[in-house]
Amino acid sequence: DKGNHRHFMAKEIHEQPEVVGRTLAHYVDMAGGRIALPGPLPFEFAKLSRLSITACGTAFYAGLVAKYWFETIARLPVEIDVASETRYREPPLESGGLTLVISQSGETADTLASLRYAKAQGQHTLSVVNVPTSTIARESSAVMPTLAGPEIGVASTKAFSCQLTVLLCLAIAAGRARGTIDAARERALVDALITVPGLMAESVTMEPQVETLAREIAKARDVLYLGRGTSYPMALEGALKLKEISYIHAEGYAAGELKHGPIALIDESVPVIVIAPHDAIFEKTVSNMQEVAARGGKIILVGDARGAAAAGLDTLATLTMPDVDPVVAPIVYAVPVQLIAYHTAVFMGKDVDQPRNLAKSVTVE
Ligand code: F6R
C-alpha cells in the first residue's frame with residue numbers, strides 16, 4: 001500500500017523520520033543517555049584489533065560511513081570491501097575477530113558467501129539486517145535488526161538510513177567498551193542521535209525545491225557528486241541512487257580526488273552536487289567548489305546556511321539543510337540525496353519503483 005504517495009520509494013523516503021525513530025528507540029536508553037543494544041554480543045569490542053565489514057551496493061555505502069564512525073569514535077581499525085570482492089579475495093581474517101555484514105534483504109548471494117567465509121575463518125559474525133527471518137540473520141552469530149519495515153521500492157532508502165542509525169549505535173557501544181569515549185561524550189552522541197528524526201522530517205520539507213532542481217538535473221548526461229569524510233560515501237550513494245532510477249550517468253568522488261582526474265570533465269553541462277555540512281573539513285570542500293566554479297561548473301550545494309554563507313559561491317542551487325551535529329549528518333543528508341534521485345527520475349518519466357535490469361534481492365551472483 002503506497003498510502004497517498006505515487007510510488008513506494010516516495011512513501012519510504014517520507015517514512016524515515018518514523019522508522020529511524022523506531023530503530024533508535026530499540027537501541028537507545030533515552031533516559032540514561034546511553035546506548036543499550038537489544039541483544040548480547042558474542043564477542044568483546046575491547047578485545048578486537050580490527051573490524052572487517054562487507055556488503056553490497058547501498059548497504060556497502062552504509063558500511064563505508066560506519067568505517068569513519070568506528071575509527072573516530074571507537075578507535076577500531078576497519079577494513080571494508082564489497083562482498084563480491086571479499087568472497088573471492090579470501091582475505092586473511094584473524095580467528096576470534098569480527099566480521100560485520102550489512103544487508104537489507106539478508107539474502108544477497110555475495111554477502112552471504114562472505115559471511116560464510118568469515119565463519120569458516122573462525123570469526124564472529126554480526127549482521128545488520130532488515131529481514132529478521134533471512135538467511136544472513138539466521139547464519140550470523142549475532143543480529144542487530146534495522147526496524148525499517150518492509151522495503152518495496154527497488155532503490156534502498158529507509159533501510160539505508162536505519163542501517164546508518166544502527167551502525168552509529170554500534171560504534172558508540174564499541175567506543176564505550178574500548179574506553180575511547182566517556183559517559184559525557186556518549187550522552188552528547190546520544191543527544192545528537194535523538195535529534196535525527198526531527199531533522200529528517202525538516203529536510204523532507206525541501207521537496208518542492210528539489211522538484212524544481214530535478215528539471216535541471218534531468219537535462220544532464222553526466223552528474224558528479226563530491227563529498228569529504230562521511231559525506232564521501234554519501235556522494236557515492238547519491239550517484240548510485242541517481243543512476244539506478246534515472247539512468248543518468250553519475251559518479252561519486254572524494255572531493256579531494258577532484259584534481260586527480262574528474263576535474264577534466266567539468267564544464268557547464270555537468271552538474272556537480274556537493275554534499276557538505278558545515279563540519280571540520282568544510283573549508284577543504286570549499287576550495288574544491290572554487291575549482292569547479294572556475295571552470296564554469298554548475299554547483300548544487302547540499303549544505304547548511306552557515307556553510308553556504310562561508311563558501312560565498314555562486315551556485316546553481318543550494319539545498320539549505322538544517323544545522324546538524326556533523327556526526328549524524330549522513331543520516332539526515334540521506335533525505336536530500338534520495339529526493340534528488342527520486343524527483344529527477346519521476347520528472348523523466350522513469351519507473352522508479354521497478355528500474356530496468358534491477359532486482360530487489362540479488363540472490364544470484
Ligand atoms: C541500491 C540498492 C542495492 C542494494 C544491494 C544490497 O538502491 O538497493 O544496491 O543495496 O543490492 O542489497 P541488500 O541490502 O539486500 O543486501
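Visitor: Which residue has a polar backbone atom 2.9 Å from an oxygen atom of the ligand?

Guide: That residue is Ser156. This is a predicted model: local features need pLDDT of at least 70, side-chain atom pairs need 80 or more, and totals for chains, interfaces and linings use all residues. Residues are numbered from 1 along each chain as its sequence is written, and side-chain values use heavy atoms, without hydrogens or water.

An N or O atom in the Thr108 side chain is 2.5 Å from one. A polar side-chain atom of Ser105 lies 2.7 Å from one. A polar contact here is a pair of N or O atoms within 3.5 Å. The ligand alone exposes 410 Å², and the protein buries 89% of that (Shrake-Rupley, 1.4 Å probe).

In total, 13 residues surround the ligand, each with a heavy atom within 4 Å. Ser103, Gln104, Ser105, Thr108 and Glu244 are the closest.

Ser103 belongs to strand S5, residues 98–103. Strands are DSSP E runs of at least two residues, helices H or I runs of at least four, numbered from the N terminus. Five bridges join S5 to S3 in parallel; pairing needs at least two. Leu98 is the bridge partner of Leu51. Both strands sit in an open parallel sheet, ordered S4-S3-S5-S6-S7. S4 and S7 are the edges, pairing on one side only.

Helix H5, residues 109–120, lies across S3, S5 and S6, with contact meaning heavy atoms within 4.5 Å. H5 runs at about 165° to S5, on a 0 to 180 degree scale between N-to-C directions of axes fitted to C-alpha atoms, for helices over the stretch in contact.

Key. Polar contact = N/O pair within 3.5 Å; in protein donor to acceptor, adjacent residues only side chain to side chain.
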